[in-house]
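Open the structure in your viewer and keep the selection panel at hand. Each stop on this tour names something to select and then says what is there.

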Amino acid sequence: MRIDILWVEKYRPKKIEDIVGNEEAKATFVEWLTGKRKTTKKAVLLYGPPGVGKTALVNATAKEFGFTIIEMNASDTRSEKAVNEIAKPATSYVALDAFSGGTKGKGNMLFLDEVDGIAGNEDRGGVSAIIEIVEKSLVPVIMAANDPDIDKLRPLKKVCLLIRFHQVRIPLIIALLQKICLLEHVKAEFEALEHIAQNSKGDVRSAINDLQSLSEENHVLTLQDTMGLSSRNKDISMDETLRGFFSAKSIDEVSGLLFRSSVDYDEFLMSVSDNLPKRYTNPEELAAAFDLVSQADIYRGRIGTENWHLLKYFYNALSEAAAVAPQSYKPFELITPPIRIITLFWTKGKRSMLDAICRKIGAQCHVSHSKAKKDFVPYVKEILQKKKSSALIDWFKFTPEEVDFLIKMSKY
Amino acid sequence: MAVNEEALMWVEKYRPKSLNEVVDLHDITESLKAFMKNPKTMPHLMFAGIPGTGKTTLALCIAHELFGPSWKSFTLELNASDERGIDTVRERIKDFSRYSRTGFGNAPFGLIILDECDQMTGPAQTALRRIMETSSRTSRFILICNQSSKIIEPIQSRCAIFRFSRLDRQAMIDHVQWIAQQENFKLEPAAAEKIVDFAEGDLRHAINALQTASAYKEGYVDEKTVLLVIGEASPMQVQKMIRKALYGEFMEARKTMYEIMGSFGFSGTEIIRQIQREIFKMSDLTPEQKAELSNIIGEYDYRLTQGANSDIQLSALLAQFAKFGNAIGETY
């Protein structure tokens with residue numbers, strides 16, 4: 001990797017036309033800013049996935065039209081007080097040089113980036129303060145967000161012109177990557193760039209970062225080089241992890257997968273155990289795999305809540321279980337949710353109900369609690385199910401709830 | 001034989017109250033009767049043996065013979081599996097043995113029956129040892145356990161140990177027939193045999209199964225009814241689970257496992273113990289095969305104590321069974 005300077009900085013768009021894709025959004029924004037769009041809204045909200053050029057557009061536009069950007073982003077506190085202290089002065093006057101004519105100076109523009117990141121508690125009153133500013137502002141107010149659908153932004157959306165950004169189309173990203181390769185003297189296979197672009201899922205910033213991290217001097221970037229790219233910022237779900245786990249060809253492949261995945265390992269272990277018989281239909285293979293899963297569980301037991309250094313052995317055993325017989329893999333439908341849900345039948349209330357029943361049996365029949373459960377409950381429930389003898393119920397001093405519980409105890 | 005008319009579970013109703021009424025166990029009852037002639041000579045007793053063979057019954061018989069109908073006032077009956085800590089020993093047992101020092105009128109001593117005392121913790125046993133020593137003039141202990149080896153040596157050496165073995169098959173058959181007579185229903189001979197064979201020398205199981213079968217049908221119990229009871233009411237359908245696993249129907253076996261856990265709230269350890277028991281009941285396995293399966297069970301019993309999740313260890317055990325069943329497929 002060449003790290004003299006980050007390419008995302010070096011090739012940050014300087015003009016509006018440098019920004020790839022989202023032509024409609026760009027045009028709308030410029031129209032609004034230059035007053036050519038018929039709207040009474042004094043603010044805009046640019047929204048869309050990360051890395052598609054929202055911030056870049058604001059910066060490039062400011063440069064082209066000569067605005068000074070007053071910016072507040074998620075790293076700043078945005079409580080009511082903070083917003084009023086910083087944003088209010090910036091929006092309540094129009095720069096003198098705006099009237100000096102001829103020059104490009106147009107004064108301030110307030111840019112609130114990442115408004116979906118306004119936190120509930122720390123930024124108390126932030127949203128209403130912003131709305132107040134928008135209403136009184138003499139200068140353009142621009143906001144950007146990834147997810148405009150969250151509740152707390154609803155009042156903001158009312159006072160804003162909404163401009164939507166889409167994922168940048170793959171061919172445009174490829175073209176941009178080719179341009180950067182040319183300027184950086186990087187030789188790359190077309191397929192490699194294509195894979196980087198596809199992997200980015202329309203996020204230009206991550207595509208450029210990937211390209212920089214993969215390119216080496218005097219080396220042709222091949223498709224093979226790009227295969228190790230993980231899906232950036234995309235959580236690998238439980239299903240995806242399980243599917244990858246069961247279809248893996250080697251222990252290494254599984255280790256890599258488990259390392260990248262962020263699924264809860266207790267839940268994952270259970271799901272592996274649930275699905276193992278569907279993966280291995282041959283009894284020999286199933287026994288071998290289950291033996292390893294059982295060992296993984298033993299490591300889990302030893303880890304407890306503190307010996308986290310043992311986690312690697314847990315993953316090792318699991319990885320081995322996945323690779324017991326790679327050649328026998330056939331796609332199958334995953335069992336979800338976990339089948340042990342049945343054991344949830346034993347809520348605390350039911351347990352204490354059974355405990356009470358066993359105590360009563362123990363008192364009458366001279367047996368311990370556990371013996372009552374094992375040697376009496378199965379018969380007593382059966383007797384009551386067949387013949388609800390009130391004398392027997394009275395003798396045990398069972399409450400109506402306890403009788404009901406025994407009668408409903410599931411039969412095989 | 002005196003019948004406890006108030007009791008509605010037959011195991012209680014027909015529990016003998018005097019040593020003369022006890023089925024089988026002649027050697028033991030004869031020795032105990034000798035003690036009864038002069039109760040002061042009775043040492044602390046330990047009854048060891050498999051479940052359902054009359055240990056608790058004999059202890060209660062002794063209480064009856066010593067104290068008559070008011071036996072409960074002179075007897076402390078504790079189940080160590082419910083109250084197994086040192087606190088119980090220190091508080092309840094010590095208090096009782098101290099109280100008995102003040103005298104019970106004509107009673108020679110107070111009686112402390114400690115059932116399932118192989119479940120007692122080590123420290124509790126050590127505490128017990130002291131109390132047995134200091135209170136021997138005022139109290140007698142009857143310690144009941146499945147395995148005497150789980151009781152510390154010093155306690156064993158303070159007791160006269162009686163070992164209970166499996167009850168005689170014919171004596172059990174006669175006994176369930178006698179109960180059927182008392183309850184006024186006809187018990188088919190084949191049905192009686194089925195019940196006794198199923199119970200494997202555990203009279204408690206046999207009587208419970210008999211009472212359950214009688215609830216199925218008025219006045220008559222045949223073999224079919226007994227089979228139904230064994231199927232429906234047997235503690236767990238562990239055999240069904242084992243067989244399915246051995247036939248290679250892993251998914252089905254695991255489903256049964258979850259049913260067993262789900263309906264009774266049994267823990268993994270309890271289920272593994274039952275598996276071990278059931279394996280030895282299965283007549284279609286050779287002794288060598290049983291031994292091999294037992295080895296596998298032992299391994300997973302241990303893993304269960306080490307692991308985090310009993311579902312997984314039990315599933316892994318069933319997978320081993322499926323592999324085993326597959327390997328012996330030809331002969332099984």
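**Stop 1: chain B as a whole**

Select chain B. Of its 332 residues, buried ones make up 45%. Its secondary structure comes to 16 helices and seven strands. Now think about contacts in chain B with a separation of 6 or more: residues 24 or more positions apart account for 71% of them.

This is a predicted model. The average pLDDT of chain B is 85, and 92% of the residues score at least 70. The model itself scores ipTM 0.74 and pTM 0.55.

**Stop 2: the sheet of chain B**

Stay in chain B and show the strands. Look for an open sheet of five strands, paired in parallel, in the order E2-E3-E4-E1-E5. Which strands form its edges? Select 75-79 for strand E2 and 159-164 for strand E5 of chain B; each of these pairs on one side only. Look along the sheet next. Ignoring direction, neighbouring strands are turned by 15° against each other on average.

Then pick out one pair. Select residues 44-49, strand E1 of chain B, and residues 139-145, strand E4 of chain B. They run in the parallel sense and pair over four bridges. Click B:Ala48: opposite stands B:Cys145 in E4(B).

**Stop 3: two residues of chain B**

Select B:Arg130. Its place is in helix H6 of chain B, residues 122-134. Is B:Arg130 buried or exposed? B:Arg130 is exposed, because 12 other C-beta atoms lie within 10 Å, and a residue counts as exposed at 12 or fewer. B:Arg130 and B:Pro154 are 24 residues apart along the chain, and 9.8 Å separates their C-alpha atoms.

Move to B:Glu200. Look for this residue in the loop between helix H9 (189-199) and helix H10 (203-216) of chain B. B:Glu200 is not a glycine, yet its phi is positive, about 55°. B:Glu200 counts as partly exposed, because it has 18 C-beta neighbours inside 10 Å.

**Stop 4: chain A as a whole**

Switch to chain A. How many helices and strands does chain A have? The count is 19 helices and five strands. Chain A has 412 residues, and 37% of them count as buried. Take the contacts in chain A between residues at least 6 apart in sequence: 74% of these join residues at least 24 apart.

**Stop 5: the sheet of chain A**

Show the strands of chain A. Here is an open sheet of five strands with parallel pairing, in the order E2-E3-E4-E1-E5. Its edge strands are E2 (67-72) and E5 (160-164) of chain A, and each pairs on one side only. From one strand to the next, the twist averages 25°.

Select E2(A) together with residues 107-112, strand E3 of chain A. Six bridges join this parallel pair. Click A:Glu71 to find one of the partners: A:Phe111 in E3(A).

**Stop 6: where the chains meet**

Display both chains together. In the interface, 49 residues of chain A are in contact with 52 residues of chain B. Which helices of chain A each supply at least two residues to the side that touches chain B? Select H13 (265-279), H14 (283-303), H16 (348-365), H17 (369-386) and H18 (390-396) of chain A. Colour that side of chain A by residue type: the residues divide into 25 nonpolar, 11 polar and 13 charged.

Zoom in on H13(A). This helix bends by about 30° at A:Ser273. A proline, A:Pro277, follows within four residues. Buried residues in H13(A) include A:Leu269, A:Val272, A:Ser273, A:Leu276 and A:Pro277.

**Stop 7**

End at A:Lys397. This residue lies in the loop between H18 and helix H19 (400-408) of chain A. A:Lys397 has a positive phi of about 60°, although it is not a glycine. A:Lys397 is exposed, because 10 other C-beta atoms lie within 10 Å.

Note on methods. Residues are numbered from 1 along each chain as its sequence is written. Chains are lettered from A and ligands numbered from 1 in the order in which they are written. This is a predicted model: local features need pLDDT of at least 70, side-chain atom pairs count only at pLDDT 80 or more; totals for chains, interfaces and linings use all residues. Two residues are in contact if their C-beta atoms, placed from the backbone, lie within 7 Å. Ala, Val, Leu, Ile, Met, Phe, Trp, Tyr, Cys and Pro count as nonpolar, Asp, Glu, Lys and Arg as charged, and the others, Gly among them, as polar. Two strands pair if DSSP finds at least two bridges between them. Axes are lines fitted to C-alpha atoms, for helices over the stretch in contact, and angles run from 0 to 180 degrees between N-to-C directions. The bend at a residue is the angle between axes fitted to the seven residues ending there and the seven starting there. A residue is buried if 20 or more other C-beta atoms lie within 10 Å of its own, exposed if 12 or fewer, and partly exposed in between; C-beta atoms are placed from the backbone. pLDDT is the predictor's confidence in each residue, from 0 to 100.
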